[in-house]
Amino acid sequence: MKSSGEGNANGKIILMGEHSVVYGKPAIAFPFQPTHVTAEITDHAYEKLRSGYFVGPLAKAPKSLENIKTLIHQLRHDFSTPPVQITISSTIPAERGMGSSAAVAVAITRAFFDWLNRPLSSKLLLNYVNYAEKISHGNPSGIDAAATAGDEPILFQKGATFETFPINISAFLIVADTGVKGKTRQTVKAVAKRFEQDAQTTGRLMNELGDLTLKAKNAILNNQAPYLGELMNAAQKNLAALQVSDQTLDNLITVANQNGALGAKLTGGGKGGCMIALASDYKTAKKITTALTNQGAKATWIQELGVYQYA
Ligand code: MEV
């Protein structure tokens, strides 16, 4: 056992396929490197958490940190370890659809295994993270765990091994935070209820979202940015029909499209959280982020998609 262990993870952005991924449809996610989390584990007289939200005994941590508590208890139980202190520092905004809960679980699990000085397979890592994600989100597809644990874009399908794929599209992705906490747990539940009440319409919307995702993958591989933008707009229509968008997201999406975006949609669980937009060049991306900020976005990021390109 080492004196301390360290682990890291990225935020993530779902490009296409949120919600439908819970029903077995494919989804595309990118690790979002501008935001990340680091966890450090050291042994301690009692279980202690130090984070931006809470500093003190883990037993007294608020209910919103139940996922961390449960994960630490499971890890300590599985490896019969003494109590630990967990220090978390994160630049991933919480509850904004950027996968902060999964990323924290990835970083903690990595830090724990580093502290134990044991190798950690990606399968075992995802098992622990999905265990913690069940506490956070109720019925997670596993996409947040897979995307925050990796360094490459993924095409994810629940229950299947996910594939990574190269980005071959010259475009810029804009991410904007509405400043409103997203409600993934509630929206996933509300969509499940819609499915119960109207399986036919909800099923059709899900199938279409799955098709749009596969088309988006081809658009990315074939450098078709305007087409990818159209697919994002089409996905947003379906997400709005599933009632997981809201007024704030709709406003920012409209503003992005009015300022030259090729397409725009919500990302993640919806009802708050973040939206994304696609721009063909950096100048337009800057124009869009300025317009989004003027419209009330609390933070914006620009990511060049080409950065992931590899031969
Ligand atoms: C949350 O980032 C994405 C959802 O599809 C839920 C999930 O996949 O677990 C809304």
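Me: In the second largest pocket, how many lining residues are nonpolar, polar and charged by class?
Reply: This is a predicted model, in which local features need pLDDT of at least 70, side-chain atom pairs count only at pLDDT 80 or more, and totals for chains, interfaces and linings use all residues. Residues are numbered from 1 along each chain as its sequence is written, and side-chain values use heavy atoms, without hydrogens and water. Ala, Val, Leu, Ile, Met, Phe, Trp, Tyr, Cys and Pro count as nonpolar, Asp, Glu, Lys and Arg as charged, and the others, Gly among them, as polar. By class, the lining of the second largest pocket has eight nonpolar, ten polar and four charged residues.

Me: Which element supplies the largest share of the lining of the second largest pocket?
Reply: A pocket is an open set of points on a 1 Å grid over the protein atoms alone, where a 1.4 Å probe fits, with protein on both sides within 12 Å along at least five of seven lines; lining residues have an atom within 4 Å of a point. Helices (H or I, at least four residues) and strands (E, at least two) are DSSP runs, numbered from the N terminus. Both α3 and α4 supply at least two residues of this lining. The largest share, seven residues, comes from α3.

Me: Which residues are the closest to the centre of the largest pocket?
Reply: The largest pocket holds about 1,100 Å³ of space. Its lining numbers 50 residues, and the closest to the centre are Glu95, Ser100, Ser101, Ser136 and His137.

Me: Which element gives the most to the lining of the largest pocket?
Reply: Among the elements that give two or more residues are β1 (4–16) and α3 (122–137). With five residues, the most comes from α3.

Conventions
Grid points are joined across faces, edges and corners, and a volume is the space filled by probe spheres set on the points.
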